[in-house]
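I opened the model to look up its charged pairs, its core and its surface. My entries follow in the order I made them.

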Amino acid sequence: MTMELTPESRLAAHCELAQQTRDLMDAVALTEVAEDELLAVAAELAALTERLRAASRATPLPFDLSPDGNLRHLGNAVIGGANPMALPLVVEMDGLTARAEVTFRPLHEGPPNGVHGGISAMVLDHLLGQAAAAAGFPGMTGTLTVRYLRPVPYGTPLVATAEHTRAEGRKSWADGRIALPDGTPLVEASGVFVMPTAWLGRHPGT
């Protein structure tokens, strides 16, 4: 019996490969195996890399619509299920508030036992932009101001949220934070997003 292949099954396979790659990356960051084993695994990975390069694109997977009609971006560096670099972050909307539960990994370390500030900024940049888009004012990041209040731990469940605050012409503003589950803020951010002129008239308020 031959299994019918569909675009969705191929994407699911790609996402599974990306997740296995994340697991591999975590294992590489923490491994203490012997030198000969390190070299043996490196040789196997080189062979696997060549197999994947047998057919490749010039860019990651683009935006598309999922079967339920929602916009998705599987190649995105923050939320992309098919991008090994992504957490991937799963963002949910509660009204106009973007919310995501996030557990950073040792791979995201900056200071000892803490998450790199650039990783925190990347997550908040995405959430702020998604909150602005949900309010009808999608745009590109113009400025991002980040305030680091406390060390961000990895391996600990955290909550990231963002809200659109106001809009003026092509510009919109949003605030967000990464916090402990009890609400203690660790990082706060404010962003200004600018809607490209090509998008004007396609969204509410423009």
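**Charged pairs**

I started with a network of salt bridges that links E8, D64 and R72. I count a salt bridge when a side-chain nitrogen of Lys or Arg is within 4 Å of a carboxyl oxygen of Asp or Glu.

Before going on, I noted that this is a predicted model, where local features need pLDDT of at least 70, side-chain atom pairs count only at pLDDT 80 or more, and totals for chains, interfaces and linings use all residues. Residues are numbered from 1 along each chain as its sequence is written, and side-chain values use heavy atoms, with hydrogens and water left out.

How many salt bridges does a search of the whole structure find? It finds eight. One of them joins the side chains of R72 and E8, at 2.6 Å from N to O. This pair links distant parts of the chain, 64 residues apart: R72 is in strand 2 (residues 71-72) and E8 is in helix 1 (residues 7-30). My helices (H or I, at least four residues) and strands (E, at least two) are DSSP runs, numbered from the N terminus.

Next I checked burial. Buried means under 20% relative accessible area, exposed over 50%, and partly exposed in between (1.4 Å probe, protein chains only). R72 is buried because its relative accessibility is 17%. E8 has 33%, so it counts as partly exposed.

A second pair is R105 with D26, whose closest N and O atoms are 2.8 Å apart. Here too distant parts of the chain are linked: R105 lies in the loop between strand 4 and helix 3, D26 lies in helix 1, and 79 residues separate them. Are R105 and D26 buried or exposed? R105 counts as buried at 13% relative accessibility. D26 also counts as buried, at 17%.

I then looked at R166. It forms a salt bridge with E168, with 3.7 Å between the closest N and O atoms. The charged end of R166 also sits over the ring of W173, 3.7 Å from its centre. For that I need CZ of Arg or NZ of Lys within 6 Å of the ring centre and within 35 degrees of the ring normal. R166 is partly exposed at 42%, while E168 is exposed at 54%.

**Fold and core**

I read three helices and eight strands, in the order α-α-β-β-β-β-α-β-β-β-β. The C-alpha atoms fill a box of roughly 60 × 45 × 30 Å along the principal axes. Of the 206 residues, 30% count as buried.

The largest nonpolar core has 26 residues, and L89, F104, V123, L127, V152, L158 and I178 touch the most other members. Such a core is a set of buried Ala, Val, Leu, Ile, Met, Phe, Trp, Tyr and Cys residues joined through side-chain atoms within 4.5 Å. Which element gives the largest share of this core? Helix 3 does, with seven residues.

S120 is also in helix 3. It is buried, because its relative accessible area is 1%. Its C-alpha atom is 7.8 Å from that of I178, 58 residues apart along the chain.

**Surface**

My last entry concerns F63, in the loop between helix 2 (35-52) and strand 1 (64-65). F63 counts as exposed, at 53% relative accessibility.
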